[in-house]
Amino acid sequence: MFIVDVVLSGLVLGGIYALIAMGLTLQYGVARIMNLAYGEFTIAACFAAYVLFTVSGVNPIIALAVAMPASFVINWLVYAIFMTPLVKRAPDAGALEVDSILATFGLLFVVQGVLLVIFGGTYFSYSYLAVPVQILGSAVALNRLLAAGIALAIALALYLLLMKTRMGTAVRAVAVNPASARLVGIDTARYAAFAFALGGALVAASGVLVSMFFTFNASMGVVFTMKALIIVIMGGVGNVLGALAAGLILGLAEALSAGFLDSGLTMAVNFALFLAILLWRPAGLFGKRAR
Amino acid sequence: MNSPIFLAAVAAIAGAFALVQPHLGPFWQSLLINILMYTALATAWALFSGPTRYVSLATAAFFGLGAYTMAFLGEAMPLPMVYLSAAVIGAVVAAIVGLSTLRLSGVYFVIFTFGLAELIRQLVTWAEAKFGGTVGRFVFVPVSPTDIYFMLIAACVAVFALGWWVQRSRLGWALRAIGEDETVARHAGIDVTRAKVLLFSLSASVMSVVGCIMAPRWTYIDATIAFNPIISFQVLIMALLGGAARLYGPVLGVVPLAILFELLQANFPNHFSILLGAVFLAVVYLVPRGVAGLLEKRR
């Protein structure tokens with residue numbers, strides 16, 4: 001059935017989008033860094049998985065175990081080297097926002113340039129578990145299903161980490177109010193770095209998962225950054241469950257528009273959704289206060 | 001800089017550019033065209049983003065709209081009408097974007113402008129494939145590089161005149177107040193959204209006209225060429241290096257960087273994007289207030 005096809009592919013896509021956005025919501029919501037190079041890191045992880053799979057024959061599930069810690073360390077370094085000076089010189093949150101936007105915009109071109117030098121501008125994909133599975137009479141590729149399943153599992157783990165552990169509580173405290181978090185003995189600078197790095201681990205995970213079923217090239221990062229930003233704002237900045245719900249909504253909206261309108265219009269659908277949220281609920285779908 | 005000196009300087013430099021034209025070879029003319037183009041774009045960018053401190057990443061979107069206006073209408077109407085159409089289209093699109101995002105906190109505006117070029121690029125590609133059945137378009141209009149050179153001089157003079165006028169108008173004061181503190185500005189009775197949208201539209205319409213002027217240089221354009229994000233990026237970095245807080249600031253960044261980028265592109269075409277990013281990072285970290293800011297500090 002056509003409608004089942006569309007809804008299923010929307011939910012699968014949405015699960016991945018949710019994971020992409022969760023990393024950004026940590027980086028922006030907790031570390032207060034608006035990372036415009038975010039999508040380039042997704043694409044970098046796609047390429048890492050591609051190389052591991054085609055050259056070394058490592059399957060993407062194992063690649064996850066390599067890419068996530070590696071990206072955690074890289075993003076920690078990015079925060080320590082590039083972001084800390086900005087955090088130190090910024091007189092207020094607004095100035096840090098502008099500075100981080102500019103710095104990561106520069107970073108975007110560096111990362112993209114490196115990828116272009118190594119891989120060129122052509123499209124890449126590889127075939128892993130590309131076998132159809134029947135669900136409710138509709139065929140879904142096993143790799144997509146697996147990717148969405150892993151994405152949801154990681155999302156759930158993150159949610160539990162944030163909600164049930166002492167460390168997670170501290171991260172949430174910094175997200176809500178960094179100044180007050182200091183008063184109760186939380187080392188905000190360290191937790192900001194930790195959240196940024198954790199966001200980096202998630203971006204790597206999402207990149208590896210995306211590469212399992214998606215055709216990508218070196219200059220596609222902007223699209224992923226845009227989607228992640230829209231989901232973060234839709235779900236409410238720093239709200240992990242909000243990002244999950246908003247990711248599913250965006251995935252569904254894209255699948256519906258591709259199914260019933262035209263697949264060339266997905267970006268327009270993204271923007272339309274973004275505009276609707278901005279005009280209707282600027283604090284996000286689940287935001288408590290209107291700004 | 002007080003205004004008679006400023007206006008005289010603009011007129012003198014524009015005159016000098018016009019006078020040297022007959023003596024320029026193709027290389028120098030093309031370099032100067034680049035400098036003029038980026039001067040117009042970066043100054044137009046700073047016109048809005050300087051006083052309000054709203055970072056716009058959409059230069060390529062408006063530039064590309066202008067280029068496409070030329071591609072679509074270049075053969076259908078007299079040239080002056082085409083440039084006028086580009087100005088109107090740029091202003092209208094900017095007004096729509098501004099009205100929906102400039103009422104909110106600055107970060108939404110940045111995000112929106114960040115994706116805008118990509119959005120319009122995809123829409124144009126989609127519309128061309130669906131209705132035009134083409135990927136790109138040829139631009140055959142009787143405009144020579146020398147015409148472009150002189151039109152860009154006129155565009156630069158127009159931007160500086162516009163900027164000078166805005167600075168002394170009520171609008172300019174309102175924008176500076178918004179840049180200092182938006183809440184205070186609102187309490188002082190300034191219609192902040194109206195002021196921001198108005199200036200954003202003005203700035204965008206200049207960018208579109210510049211895109212429209214430049215389009216014949218390519219002969220062939222497609223959406224990837226016209227909406228190349230590198231344009232937004234270069235304009236931003238030039239304006240930041242020069243200093244967006246002063247009207248003459250961006251030029252100070254345009255001249256060295258336009259030459260540097262020309263050299264980099266000629267010598268390291270494959271590593272251009274990396275080098276560009278590195279230069280940008282250096283500017284953000286080392287000269288956050290721009291060359292104009294440094295000059296003023298020393299005084």
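**Note on the core, the fold of chain B and its contact with chain A**

1. In this predicted model, the largest nonpolar core holds 211 residues, and A:Leu19, A:Ala21, B:Ala40, B:Leu41, B:Leu152 and B:Val210 have the most contacts inside it. Such a core is a set of buried Ala, Val, Leu, Ile, Met, Phe, Trp, Tyr and Cys residues joined through C-beta atoms within 7 Å; buried means 20 or more other C-beta atoms within 10 Å of the residue's own. Helix H8 of chain A (residues 188–211) gives the largest share of this core, 16 residues.

2. Leaving aside residues up to four places away in sequence, B:Leu152 touches B:Ile33, B:Leu36, B:Met37, B:Ala40 and B:Ile213. Contact means C-beta atoms, placed from the backbone, within 7 Å.

3. Chain B has 14 helices and two strands, taken as DSSP runs (helices H or I, at least four residues; strands E, at least two). Its radius of gyration, over C-alpha atoms, is 19 Å, close to the 19 Å from the globule rule for 299 residues, so chain B is as compact as a globular protein of that length. The rule is 2.2 Å times the number of residues to the power 0.38. Buried residues make up 50% of chain B.

4. Between the chains, 32 residues of chain B contact 33 residues of chain A. On the chain B side, H5(B) supplies the largest share, 13 residues.

5. Residues are numbered from 1 along each chain, as its sequence is written, and chains are lettered from A in the order in which they are written. Local features need pLDDT of at least 70, side-chain atom pairs count only at pLDDT 80 or more, and totals for chains, interfaces and linings use all residues.

Notes. Contact = placed C-beta atoms within 7 Å. Buried ≥ 20, exposed ≤ 12 C-beta atoms within 10 Å, placed from the backbone.
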